[in-house]
Amino acid sequence: MIIILFGIFLLALLVITALAIVRSDNLFAAVILTGIFSLLMAANFFLLDAADVALTEAAIGAGISTVLFLGALALTGEHERGGSQNRLVALGVVTVTTLIVIYATFDKPRFGDPDAPVHQHVGSWYLEKTPELVDIPNAVTAVLGSFRGYDTLGEVFVVLTAGIGVLFLLSARTAGRPEEFPVADDPDQGLRHYLVPRVVGRMLIPFIFLFGLYVQFHGDYGPGGGFQAGAIVAASVILYALLEGEARALRALPMRVLKWLVAGGALLYGGVGVASMLLGSNFLDYSVLASDPITGQHIGIILIELGVGITVTGVLLCVFHAFAARGRV
Amino acid sequence: MTMAIDILSWILLTAGGMFVFIGGLGALRMPNLYTRMHAASLTDTMGAVLVLGGIMLQAGATLATIKLAAILLFLLLTSPTASNALASAAILSGLQPKEGPVKPGGRTE
Amino acid sequence: MYYAVTIATLITMALALVRALLGPTIYDRLLAANMFGTKTVLLLSVVAFLYGRPDFLDLALVYALINFIGVIAVLEFIRERVDSDAAEKSAGE
């Protein structure tokens, strides 16, 4: 009961933050408040006992999104220009939509009700069959990786397409040299002269990377998986790029490697599907990947999560470099 | 024995909660950015040590204690560094403390 | 016993949010956001124990590592702007 009160308190803070984001005209402040918003959402998801979603929100929303927004702000101005004139029409549309949504919530089942439709049918089937067919403790990973493998394949391709789209839009300046972004090897780049952040940051980078690998492979047993791990590994490389400068980060992981990572992850995922077809069963049916169907499921889930993690890392790093390298001549 | 551990962790958790609350109050009521930074970062770190220490006593000798020790270690490393970086950024963009002008320091050639 | 700490942390999060909304400069807001981040780590750790699910501590660990990156990004952003302004001014003189 008291947990519900905590949840209501956090939701109230969320509404206040959202209003502040909309009303502020200094975009820098709006970016920082968006980081706080994302933290509140992660705490809310956590209180609702959805650990995988909370982990993804924390890794991507509060860490990487803030850095990408700041990179975009470095290229544009800091203050929002005046709003449009048609405020009343927009207010009317929003009010009508809100009233419709509130009316729709009157028919919702009670929070946590075991007879709710969402807990019948497929949901309970997945929970029953996971120990028998897939046998991993984290049912979310079983559903995401095995029972709904097609959906996750679609998600990986969406991430890949988003990365390709960003590279098309933001690489227009390097039309003559498609391989490298024009980055000068300036010795003053990055935070090299600020010793305290630099030393502590460099100490932390291998731990963040290692933790990303832990989250990747531990996704079967606890909250984790490919999306979260990709974001965490990308965060460690972004930290390196912030501390040592763009040029060194691009020398460590050049764009051609990143492009291979972006495509390679999706290729791995599709490859697992094709391999299971070649071994005589349907596309993405992992039971044929080993002599024992349950071991086959484990192998299949680990491989596709690895594919997801590789693509997400590559896309996030490509987007970061596309923003961060554009400001410099 | 478990009674002693319970009492000790109660004391640590309550002290940690008080520090955390004092930190929030200080960040709100102090007059200047730099004084607010004092309040926020010192009480952050101390409160984290006490609260996480209290929970570690409750967890006993399991994997959770090691994870909590890792969280504590990373908080101890990153929280003061973040305040340092924030102060460097503030001085770099010209916001001077009241006591007297400070050159854009923190930068060692 | 854990409820008291959770309530203290939630109240501090609300106070930090007020500072983030009020703070005249962006550094006040960033300070509040950083404080909010460490309080979220504490909240997640305590509530993970309250629920009796210690394997949720991974979230707190991720958060403790990633919170740091936002502040470093702001420092880099400010430094780059100041440096490029100084370079433009000295190129213009």
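Biologist: Thanks. Which domains is chain A divided into?
Modeller: This is a predicted model. Chain A is split into domain 1, covering 1-81, and domain 2, covering 121-329.

Biologist: How many Å apart do the C-alpha centres of those two domains of chain A lie?
Modeller: The C-alpha centres of domain 1 and domain 2 of chain A are 23 Å apart.

Biologist: And how many residues of each are in contact?
Modeller: On the domain 1 side of chain A there are 14 residues, and they contact 18 residues of domain 2.

Biologist: OK, switching to the chains. How many residues of chain A are in contact with chain C?
Modeller: Chain A puts 45 residues in contact with 38 residues of chain C.

Biologist: Which helix of chain A gives the most to that side?
Modeller: H3(A) gives the most to the side of chain A that touches chain C, with 11 residues. The helices of chain A that each supply at least two residues there are H1 (2-23), H2 (27-47), H3 (51-75), H8 (195-217) and H9 (226-244).

Biologist: How does that side of chain A divide by class?
Modeller: The side of chain A that touches chain C has 36 nonpolar, 8 polar and 1 charged residues.

Biologist: You mentioned H9 of chain A. How many of its residues are buried?
Modeller: In H9(A), 19 of the 19 residues are buried, so this helix is largely enclosed by the rest of the structure. Its length also works out: 19 residues at 1.5 Å a residue should span 27 Å, and the end C-alpha atoms of H9(A) are 27 Å apart, which agrees.

Biologist: What comes just after H9(A)?
Modeller: Gly245(A) follows directly, with a positive phi of about 100 degrees.

Biologist: Now the other pairing: how many residues of chain C are in contact with chain B?
Modeller: There, 41 residues of chain C are in contact with 42 residues of chain B. Helices H1 (2-22), H2 (26-50) and H3 (57-92) of chain C each supply at least two residues of the chain C side. That side of chain C divides into 30 nonpolar, 7 polar and 4 charged.

Biologist: Is H2(C) mostly covered or uncovered?
Modeller: Mostly covered, as 24 of the 25 residues of H2(C) are buried. From its first C-alpha to its last, H2(C) reaches 35 Å, close to the 36 Å expected at 1.5 Å a residue. After H2(C) comes Gly52(C), with a positive phi near 70 degrees.

Biologist: And chain B, how many helices and strands?
Modeller: Chain B has 3 helices and 0 strands, and from the N terminus on its elements run α-α-α. Buried residues make up 45% of the 109 residues in chain B. Of the contacts in chain B with a separation of 6 or more, 56% are between residues 24 or more positions apart.

Biologist: Back to chain A. At what angle do H6 and H12 of chain A pack?
Modeller: H6 (residues 139-147) and H12 (residues 293-324) of chain A pack at about 85 degrees, with axes 9 Å apart. That makes H6(A) roughly perpendicular to H12(A).

Biologist: Which residues make the contact?
Modeller: H6(A) uses Thr141(A), Gly145(A) and Ser146(A), while H12(A) uses Gln297(A), Gly300(A), Ile301(A), Ile304(A) and Glu305(A). The residues of the H6(A) contact with H12(A) come out as 2 nonpolar, 5 polar and 1 charged.

Biologist: There's a histidine I'm curious about, His321(A). Buried or exposed?
Modeller: His321(A) counts as buried because 25 C-beta neighbours fall inside 10 Å. His321(A) lies in helix H12 of chain A. The C-alpha atoms of His321(A) and Leu170(A) are separated by 9.9 Å, although the two are 151 residues apart along the chain.

Biologist: What about His121(A), buried or exposed?
Modeller: His121(A) counts as exposed, with 9 C-beta neighbours inside 10 Å. His121(A) has its place in helix H5 (residues 121-134) of chain A. Phi of His121(A) is positive, near 45 degrees, in a residue other than glycine.

Biologist: Last one: where does Asp135(A) lie?
Modeller: Asp135(A) is in the loop between H5 and H6 of chain A. Phi of Asp135(A) is also a positive value, near 60 degrees. With 14 other C-beta atoms within 10 Å, Asp135(A) is partly exposed.

Technical notes:
Residues are numbered from 1 along each chain as its sequence is written. Chains are lettered from A and ligands numbered from 1 in the order in which they are written. This is a predicted model: local features need pLDDT of at least 70, side-chain atom pairs count only at pLDDT 80 or more; totals for chains, interfaces and linings use all residues. Axes are lines fitted to C-alpha atoms, for helices over the stretch in contact, and angles run from 0 to 180 degrees between N-to-C directions. Helices (H or I, at least four residues) and strands (E, at least two) are DSSP runs, numbered from the N terminus. Angles under 35 degrees count as roughly parallel, over 145 as roughly antiparallel, 65 to 115 as roughly perpendicular and the rest as oblique. Two residues are in contact if their C-beta atoms, placed from the backbone, lie within 7 Å. Ala, Val, Leu, Ile, Met, Phe, Trp, Tyr, Cys and Pro count as nonpolar, Asp, Glu, Lys and Arg as charged, and the others, Gly among them, as polar. A residue is buried if 20 or more other C-beta atoms lie within 10 Å of its own, exposed if 12 or fewer, and partly exposed in between; C-beta atoms are placed from the backbone. Domain bounds come from an automatic or database domain assignment. The expected span of a helix is 1.5 Å times one less than its number of residues.
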